[in-house]
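Biologist: Please pick one part of this model and go through it closely. Then set that part against the rest of the chain.

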Amino acid sequence: MNVEYPIIIKKVLPDSKFYSLRDEFNYAGWKLENYSYKGGGENDKISWMLNESNNKLIMYECASIIKLKIQKYLKQDLILIKVHSNGATVGQTQKFHIDFDKDDIWTFVLFTEENWNTQWGGEFVSFDPINNTYKYTPFMPNSGALIPSNWEHYGAAPNDYTDNLRTTMAFSYSSLQSFDCIKNSPTVRSFL
């Protein structure tokens, strides 16, 4: 199947779910704990991560809604294998990284800020290795981009037109076939 990535989906979540997810960000708070690549050292923590969620149910509800929507594009059943939060302020641009190195695993990055002006930056950048091109997805509230998890990507930091935190949730899904190969990896095992 020939799919053009990234797949952009607007108005991903119903408003009530989107705002419930946003409320969770306020209750749980953020800590400077994120690395933009595997094996990062103490000085490589470059972005914010959501503290332990008070209400994990909202994360799973949103993941289920997103899964159903992306299955329509991919035409196959998927299994949720990871949910990851990310926050960045001015100057906290991540490095290019991949989420998983296997085929048939996808990452959907949901733009979770309620009020965002695209002039503030914060776009999602992915590298398409098939066409050897960079793809730029503007940050638009309650929309997102789906890419293969083995594509290099990063979230651009907000620029100095804002002091707002740029927040996203990344939901990773595996095909049923690939799940057997990765289900015992530390990342997936700790999530499941």
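Modeller: Along the sequence, the protein follows the pattern β-α-β-β-α-β-β-β-β-β-β-β-α-α. That gives four helices and 10 strands, taken as DSSP runs (helices H or I, at least four residues; strands E, at least two) and numbered from the N terminus. The model is predicted, with local features needing pLDDT of at least 70 and side-chain atom pairs pLDDT 80 or more, while totals for chains, interfaces and linings use all residues. Residues are numbered from 1 along each chain as its sequence is written, and side-chain values use heavy atoms, with hydrogens and water left out.

The part I pick is strand E10, residues 166-175. 10 of its 10 residues are buried, so E10 is largely enclosed by the rest of the structure. Buried here means under 20% relative accessible area, exposed means over 50%, and partly exposed lies in between (1.4 Å probe, protein chains only). One side of E10 carries Arg166, Thr168, Ala170, Ser172 and Ser174. Thr167, Met169, Phe171, Tyr173 and Ser175 point the other way, and both sets are buried.

Strand E4 (residues 78-88) pairs with E10 in the antiparallel sense over 10 bridges. In this pairing, His84 stands opposite Ala170 of E10. Strand E5 (residues 105-111) also runs antiparallel to E10, joined to it by seven bridges. Here Phe111 is placed opposite Thr168 of E10. Between E4 and E5 lies a loop that holds Asp104. Asp104 is not a glycine, yet has a positive phi of about 60°. Its relative accessibility is 37%, so Asp104 counts as partly exposed. For comparison, most residues other than glycine have a negative phi, and most peptide bonds are trans.

With a relative accessible area of 4%, Asn142 is buried. The peptide bond from Tyr5 to Pro6 is cis, with omega near -5°; Pro6 is found in the segment before strand E1 (7-9).

Next, the helix. H2 (residues 56-74) has 19 residues and reaches 26 Å from its first C-alpha to its last, close to the 27 Å expected, that figure being 1.5 Å times one less than the number of residues. Its buried residues are Ile58, Met59, Cys62, Ala63, Ile66, Ile70, Gln71 and Leu74. As background, an α-helix has 3.6 residues a turn, so residues three or four places apart point the same way. After H2 comes Lys75, which has a positive phi near 60°.

Glu61 is partly exposed at 27% relative accessibility, and Lys17 is partly exposed at 25%.

The whole structure has five salt bridges. One of them joins Asp15 to Lys11, with the closest N and O atoms 2.8 Å apart; Asp15 is partly exposed at 40%, and Lys11 is exposed at 51%. Another joins Asp128 to Lys135, with the closest N and O atoms 3.3 Å apart. Asp128 and Lys135 are both buried. Through shared partners, salt bridges join Glu4, Asp128 and Lys135 into one network.

Tyr134 sits in strand E7 (residues 133-137) and is partly exposed at 47% relative accessibility.

Last, the totals. Of the 192 residues in the protein, 48% are buried. The accessible surface comes to about 9,800 Å², and 49% of it belongs to carbon and sulfur atoms. Among contacts (heavy atoms within 4.5 Å) between residues at least 6 apart in sequence, 79% join residues at least 24 apart.

Key
Two strands pair if DSSP finds at least two bridges between them. Accessible areas come from the Shrake-Rupley method with a 1.4 Å probe; for residues, only the protein chains shown count as cover. A salt bridge is a side-chain nitrogen of Lys or Arg within 4 Å of a carboxyl oxygen of Asp or Glu.
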